[in-house]
Amino acid sequence: MKADTSQFPQLDKTKFEQRGKEFEFGIPITNSVCLGNSIAVGFGDGTVRIFRSGKNSKTIKAHNGVVLSMAEDGNNILTGGDDGRFLKISIDGQINEIYNFGTRWVDHVEAINGNIACSSGKDVYYWAKTSNQPKIFSHNSTVGGLSFDTKGRRLAVSRYGGITLWKKDYTNKWTSSNLLWKGSHNKVIFSKDGKYLISSMQENQLHCWRLKDKIDFAMSGYGSKIKSFSFTDNSKYLATSGAIDAICWPFDGDGPMGRKPVCIPYVGNKKVSFVETFPNENAVFTGLSDGSVFLSEIDKEDNTIIIRSFTEHEVSAISITNDCSNLLIGDMGGNILWTSVWDN
Amino acid sequence: MEASNKQVPVTVLTGFLGAGKTTLLNRILTEQHGKKYAVIVNEFGEQGIDNDLVVDADEEVFEMNNGCICCTVRGDLIRILSGLMKRADKLDAIIVETTGLADPAPVAQTFFVDQDVADRTKLDAIVTVADAVHLSTQLTDHHEAEEQIAFADVVLLNKIDLVDESGLNIVKDRIKKINPFAKIINTKKCGVALNEILDLDAFSLKRVLDVEPDFLTSDHDHEHDDDVTSLSFVTDTPLDMEKFQDWFSKLLQTKGQDILRTKGILDFKGESDRYVFQGVHMLMDASPMGKWPEGKDRSSRLVFIGRNLENMNLKEGFENCKSA
């Protein structure tokens, strides 16, 4: 039987789709990171692809399994896989295996100023820029996420029961303190000004610590787990997924306590699955569970434009190059849009 | 939790150390079935599993802040199942091996509580491997062994060649006292057809309809108050929906820790649909399940497996739900 497609309205492609390139890989996209003016994308079959303006994308067979995590490390990408390998991959595709954890997954990877870290099970392995020997930070439960602050002097490790905050003193000695909150904590990030620490929980809420006085509070009201959240560069807003609106909490002044978030609505009541802030602007790219992506100014009502129309697959990656010239969108169906941000 | 083609079935393999879980796993994996399975094992488990997709995990039981006092989930499973769902190659099934002393409840509850897990995977069945020689002692000494039997959809009674017939009957009676609804399969060296343990869809509401009234017996003798037993009730009188919901939700809230599993088919007055539910501790999956079959008698059936059931006034509570 042949489907009669004439009865469906033919949706026009967005101007970003018209001037960009679309790819259908058919394999779930798990991560993306920006490397200068290139963007690296991780796939569910272990492949990493690097997209560059004006050039063909480069395909690298990195892992024998899912690329679970990815981070930018100068001119390299770090990847962690479900094949137990922690890799450093150069922009031209050279693979360097940093560590092999065997049947244990490498769940999270991070890098700052040439120092690198990954987590496998309950342990975080940390390599200082100057050392080949890892330092091992152990925890009582599996690591849910890790994040360096912008200076690389603090490393937040989320886990069951709270966050372990590792601090490096000026003799490069690491000590830890605990920020406790009942429940299981997953992704964790610092605000860009280093004043706040945010974690997403197994329950449909975020937990936040104001680090100067350790005041903590929950940010709740979501309909599902919050898997993606991102601070604007000035730390004024935290944009979050997990609801049908993009929920943007104000972090200027005394922070979000007692204040209402900005809720940016989208047509169709689809869940927000991915958010990425626009560099140096109070604006956010919002990816929905149906594959559509929008760009919204947070401070201005009704200032939203459509970037990509729906694909029926949840958006799982959005990255913009450092010079803000190109944008990459990926989804769980393996569709990629690589497009220029500005009209030529 | 209802079945959908997109959900990968997950079989949970429980049983005491030495009962034969590894033998069974290897049998599943080496049989020429042309299917792709992922196996989640734990580091304290038995070694020697031969599969290209073995995932090592620590059993991590997390409490949920959802106001449900006995609600615990397996954090490691949430992490691993969501990772497996990102794979390019689609899995036919996932098999979770638990440690010998594991309580199956957090595993089962994970499929009720975590929306991502429930969207992408479904709990297919809990298969418990039991050692025909040692099960009786294990049941007396370890409450975990009782729980593993109580939660089982299938009990693989292994090593039957090492006990005589009377010994076998004793151990079978013991299993039936705890859980009269589990299917018992006698094996030597875990020799069992895979279609008897995989792809059973035992947790789907449709399967609750298979609970046969003549299968139900009530009130078993038992040795300690702490023993796990089962009770079941049947009535031809239609139930009052409001009364039933009121009684049953209070019951689960207050006694949910002792009630391990529940199943039921309910005939509500004034409703043309059958209502079906099944639950683990305080969590429940319930739905109308189509019209009652034409020409067949309508009746309500309710099954409990748990501890201290005789102190919960279940019979009286159920009777009070009958419509006037």
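Trainee: What share of the contacts in chain B with a separation of 6 or more comes from residues 24 or more positions apart?

Mentor: Good place to start, and keep in mind that this is a predicted model. Two residues are in contact here if their C-beta atoms lie within 7 Å. Among the contacts in chain B with a separation of 6 or more, the part from residues 24 or more positions apart is 76%.

Trainee: How much of chain B counts as buried?

Mentor: Chain B has ten helices and 14 strands. A residue is called buried if 20 or more other C-beta atoms lie within 10 Å of its own. Of the 324 residues in chain B, the buried part is 45%.

Trainee: Which strands stand at the edges of the open sheet of four strands in chain A?

Mentor: The order in this sheet is β6-β7-β8-β9, with antiparallel pairing. Each edge strand has a single partner strand, so one side of it lacks a neighbour in the sheet. In chain A, those strands are β6 (67-73) and β9 (95-100).

Trainee: Which residue of β7(A) is the bridge partner of A:S69?

Mentor: β6(A) pairs with strand β7 (residues 76-81) of chain A in the antiparallel sense, over six bridges. For A:S69, the bridge partner in β7(A) is A:G80.

Trainee: Which strand of chain A gives the most to the side that touches chain B?

Mentor: The contact takes 23 residues from chain A and 18 residues from chain B. On the side of chain A, seven are nonpolar, ten polar and six charged. The strand that gives the most there, with three residues, is β16 (residues 174-190).

How values were computed. Residues numbered from 1 in each chain as written. Chains lettered and ligands numbered in written order. Predicted model: local features only at pLDDT ≥ 70, side-chain atom pairs only at ≥ 80, totals over all residues. Helix = DSSP H or I, 4+ residues; strand = E, 2+ residues; numbered from the N terminus. Nonpolar A, V, L, I, M, F, W, Y, C, P; charged D, E, K, R; others polar. Pairing = 2+ DSSP bridges. Buried ≥ 20, exposed ≤ 12 C-beta atoms within 10 Å, placed from the backbone.
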